[in-house]
Amino acid sequence: MTQELELELDDTDRQLINLIQLDFPLDLRPFHALGDQIGISEQEVIEHLKRLTDIGVIRRIGPILNTKGIGGSSTLIAMQVPEDAIDSVASWINGFDEVSHNYLRPGAYNIWFTVSASSKERLHEMIGEIKAFGYPFLELPVTRLFKIGVKFEV
Amino acid sequence: MDDLDLKLIKLTQDGIDLVPEPFEEIALELAIPEAEVIDRIEALMESGIIRRFGASIGHRVLGIVANAMCVWNVPDDRVEEVGAVMAGFGEVSHCYERVRYPEWDYNLYAMIHARTREECEHTAHDISRATGISNYMLLFSEKEFKKTGVRI
């Protein structure tokens, strides 16, 4: 995952990547509209985006959802897991569909994961299951939001 | 949000097809006109259910491989001001205040992305200088076990 790939992005790739993160046209023919904006054909836009998807630069083009907006409840959990149990605990955590991010970080609290549950009740239920797993953890819900979401300039 | 909206989100959340009319198939599935698919997406954006509609980028593939969660211990009465300064840094993608505990007294979190660890460290140092907050820790991600978007 951290292996660095030698990528060759041309100017069209860069223009498209910068455009489609925040300004993807909601149009019946969005790739045609994008082509018009940068002066290439619809087919060329599609070919570029397909290649960028194949090499992993684009993960997907779609809606980025707001957990609160869909009535859900989310939190961040920091867990203390002994070295030799890290991989098995991480894969147990990944087994929850509601876990969206899960990272190994240095320090006593070494497994950090975010949970986006469909409701408060479901979140409490999950916290109960996590508690029953037996490792010490901190529940760190957001109390104030200053910035969310990114646009990567390439 | 009604049932059709829910279906619409489920049909698009893993990505639309890269074809000339990507909303055609979705419209057929939902048995509504294509234009209504777009109207509904726009309405879901306006009501805040969809944060944005666009591409998710695999930033690691772009060489932005260093990713640090920087945790800060900020006096409660300075959180509003300091959070705004942190959010203004281009290298900071996410910035939140979270609950703190006696055994974990960090309350501000800034996600810093860069090409190298050194660049992340520089950014954290710059933030520290700009805010006067010196009690912080950079927690680099040593392994990514999972990363997906929010799904329903």
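Start by selecting Glu8(A): it counts as exposed, because it has 7 C-beta neighbours inside 10 Å and the cut-off for exposed is 12 or fewer. You will find Glu8(A) in the segment before α1 (11–22) of chain A.

A word before moving on: what you have open is a predicted model. Its scores are ipTM 0.79 and pTM 0.79. For chain B, the mean pLDDT is 93, with 98% of the residues at 70 or more. As a rule for any such tour, where pLDDT is low, the predicted coordinates should not be read in detail.

**Stop 1**

**Stop 2**

Now show the strands of chain A, together with β6 of chain B. Five strands make up an open sheet, in the order β5(A)-β2(A)-β4(A)-β3(A)-β6(B), with antiparallel pairing. At the edges sit β5 (137–139) of chain A and β6 (143–147) of chain B, each of which pairs on one side only. From one strand to the next, the twist averages 10°.

Zoom in on β2 (residues 73–79) and β4 (residues 111–117) of chain A, which are antiparallel and joined by seven bridges. Select Thr75(A), and opposite it in β4(A) you will see Val115(A).

β3(A) and β6(B) pair over four bridges in the antiparallel sense.

Bring the helices back into view. Helix α4 (residues 86–94) of chain A lies across β3 (99–104) and β4 of chain A as well as β6 of chain B, and runs at about 170° to β3(A). Helix α5 (residues 120–132) of chain A lies across β2, β4 and β5 of chain A, at about 150° to β4(A).

**Stop 2: the other five-stranded sheet**

Select β6 of chain A and the strands of chain B. Here, too, you will find an open sheet of five strands with antiparallel pairing, in the order β6(A)-β3(B)-β4(B)-β2(B)-β5(B). Its edge strands are β6 of chain A and β5 (136–140) of chain B, each pairing on one side only. The twist in this sheet averages 20° from one strand to the next. Packed on the sheet is helix α5 (residues 117–131) of chain B, which touches β2 (66–72), β4 and β5 of chain B and makes about 140° with the direction of β4(B).

Now pick out β3 (residues 92–98) of chain B. Six of its seven residues are buried, so this strand is mostly covered. On one hand, β3(B) pairs with β6(A) over four antiparallel bridges, and there Lys147(A) stands opposite Cys95(B). On the other, β3(B) pairs with β4 (residues 108–114) of chain B over five bridges, again antiparallel. Two pairs to select there are His94(B) with Met111(B) and Tyr96(B) with Tyr109(B).

**Stop 3: the side of chain A that touches chain B**

Select the residues of each chain that contact the other: 64 in chain A and 63 in chain B. On chain A, at least two residues each come from α1, α2 (30–38), α3 (42–54), β1 (58–65), α4, β3 and β6 (142–147). The largest share, eight residues, is from β1(A). Coloured by type, this side of chain A shows 37 nonpolar, 18 polar and nine charged residues.

**Stop 4: Leu4(B)**

Finish in helix α1 (residues 3–12) of chain B, where Leu4(B) lies. Is Leu4(B) buried or partly exposed? Leu4(B) is partly exposed, because 14 other C-beta atoms lie within 10 Å. Apart from neighbours within four places in sequence, Leu4(B) is in contact with Leu30(B), Ile32(B) and Arg40(B).

Notes. Residues are numbered from 1 along each chain as its sequence is written. Chains are lettered from A and ligands numbered from 1 in the order in which they are written. This is a predicted model: local features need pLDDT of at least 70, side-chain atom pairs count only at pLDDT 80 or more; totals for chains, interfaces and linings use all residues. Two strands pair if DSSP finds at least two bridges between them. Axes are lines fitted to C-alpha atoms, for helices over the stretch in contact, and angles run from 0 to 180 degrees between N-to-C directions. Two residues are in contact if their C-beta atoms, placed from the backbone, lie within 7 Å. pLDDT is the predictor's confidence in each residue, from 0 to 100. A residue is buried if 20 or more other C-beta atoms lie within 10 Å of its own, exposed if 12 or fewer, and partly exposed in between; C-beta atoms are placed from the backbone. Ala, Val, Leu, Ile, Met, Phe, Trp, Tyr, Cys and Pro count as nonpolar, Asp, Glu, Lys and Arg as charged, and the others, Gly among them, as polar.
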